[in-house]
Amino acid sequence: MAFPNLHLRAETKPLEHRSALTPSTTKALLDAGYPVNVERSTLRIFDDSDFEKVGATLVPEGSWPEAPADHLIIGLKELPEEDFPLKHTHIQFAHCYKGQSGWQTVLARFTRGGGTLLDLEFLQDEMGRRVAAFGFHAGFAGAALAVQAWAWQLTHQGERLPGVKPYTSEDSLLSDIRHSMQEGEKKVGRTPKALVIGALGRCGRGAVDALQKLGIPDENITKWDLPETSAKPGPYKEILDVDIFVNCIYLSDPIPPFIEPSSLNSSSRTLSVVCDVSCDTTNPHNPIPIYTINTTFSDPTVPVEVTDGPPLTVISIDHLPSLMPREASEAFSSALLPSLLSLKDRHSTSVWIGAEKLFNEKVATLPEEVLREANGHA
């Protein structure tokens with residue numbers, strides 16, 4: 001089968017510096033025979049010239065709608081909210097398969113244009129495991145920010161942690177936050193104590209890795225996973241006895257809360273920072289029911305009202321991997337590469353067959369009036 005043209009679109013979401021393709025994975029695709037067009041981008045962590053050097057063809061930013069219909073459009077985040085029909089096959093995170101706000105409008109654009117969505121979140125291998133995810137770097141960035149917030153509260157009492165910006169490398173992130181941690185250590189004479197729940201998953205491993213690389217000794221890092229949480233239901237007093245709690249679980253079923261809000265008003269509480277990497281903010285079964293909003297890079301923490309004990313803040317940023325876009329992109333794109341290399345045979349390759357089957361199933365759930373309208377536009 002002929003190699004399809006791949007078109008990497010420029011991301012448009014503010015502060016989204018990650019990329020579904022990197023210069024190294026682009027080169028691998030080109031070497032395999034895939035033509036690759038890369039839109040110019042001022043946001044992307046990689047320079048346009050880095051793609052040009054490996055042989056990609058640079059095209060204008062935002063030019064993907066005019067690309068031939070048989071080109072495959074590759075991106076990360078959702079498309080801008082427009083109304084024109086989508087004629088291409090898009091490989092991206094669309095966030096429209098779980099009943100999210102506006103999901104009908106998103107899917108209807110594909111049916112109106114004859115396009116297809118192959119959602120990155122639901123690409124699975126033959127064992128049902130995701131082929132690529134950003135979990136590790138979400139945990140890494142979240143734990144690092146939690147340490148920064150811990151130190152800030154010690155050195156700037158009564159002040160909110162100021163906004164943060166993406167780092168050019170993991171080393172620059174660690175250097176910056178290690179310095180902040182050392183300033184906090186001077187106030188209390190020790191490094192912070194942290195508890196990570198979900199420590200054996202991708203996200204949890206990233207959180208533990210960050211804490212270790214920052215120089216926190218292993219005896220100050222408590223690692224919990226299913227053996228600990230299934231042995232006894234929450235809430236857990238152990239969370240109150242550490243400085244930092246990092247939640248990395250994937251919530252699929254209702255569970256007892258990890259923290260009881262009333263328990264926070266205690267002079268014996270040590271806990272001062274919670275990083276909810278999972279960000280189940282609007283889930284009625286959120287196991288950390290002490291906050292109600294997502295935070296952002298420009299305003300990373302939200303205070304929790306407490307009447308006793310130290311100040312307490314929550315970090316609940318839903319795109320944490322963007323804090324370290326280079327490493328996050330390299331890891332994700334490398335994991336995705338084997339699947340991308342099979343795109344020329346996607347109609348006989350299980351990962352793509354499953355993704356297209358799921359798309360068709362979700363389209364079939366559109367209300368009749370939406371389908372009629374879509375067919376009327378076709």
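## Cysteines

In this predicted model, the sulfur of Cys248 lies 3.3 Å from the closest cysteine sulfur, that of Cys203. A disulfide requires the two sulfur atoms to be within 2.5 Å, so the separation is too far for a bond. Cys248 is buried, at a relative accessible area of 10%.

Across the whole structure, the search returns zero disulfides. Cys96 takes part in none, and its nearest cysteine sulfur, in Cys279, is 20 Å away. Cys96 is buried, with a relative accessible area of 2%.

## Aromatic pairs and cluster

The structure contains 12 aromatic pairs. One of them joins Phe93 and Phe332, whose ring centres are 5.8 Å apart with planes at 45°, so the pair is tilted. Phe93 belongs to the loop between β5 and α3, and Phe332 to helix α9, so the contact ties together parts 239 residues apart in sequence. Both Phe93 and Phe332 are buried.

Phe136 and Phe140 form another tilted pair, at 6.4 Å centre to centre and 35° between the planes. These two residues lie in helix α4, four residues apart, or about one turn. Phe136 is partly exposed at 27% relative accessible area, whereas Phe140 is buried at 0%. An aromatic cluster is formed by Trp224, Tyr236, Phe245 and Phe258.

## Charges over rings

Arg18 lies over the face of Phe134, 4.4 Å from the ring centre. The charged end of Arg109 is placed over the ring of Phe84, at 4.7 Å from its centre.

## Second largest pocket

By type, the lining residues are eight nonpolar, seven polar and six charged.

Note on methods
Residues are numbered from 1 along each chain as its sequence is written. This is a predicted model: local features need pLDDT of at least 70, side-chain atom pairs count only at pLDDT 80 or more; totals for chains, interfaces and linings use all residues. Side-chain values use heavy atoms; hydrogens and water are left out. Buried means under 20% relative accessible area, exposed over 50%, partly exposed in between (1.4 Å probe, protein chains only). Ala, Val, Leu, Ile, Met, Phe, Trp, Tyr, Cys and Pro count as nonpolar, Asp, Glu, Lys and Arg as charged, and the others, Gly among them, as polar. Rings of Phe, Tyr and Trp (its six-membered ring) pair if their centres lie within 6.5 Å; planes under 30 degrees apart count as stacked, over 60 as edge-to-face and the rest as tilted. A charge sits over a ring if NZ of Lys or CZ of Arg is within 6 Å of the ring centre and within 35 degrees of the ring normal.
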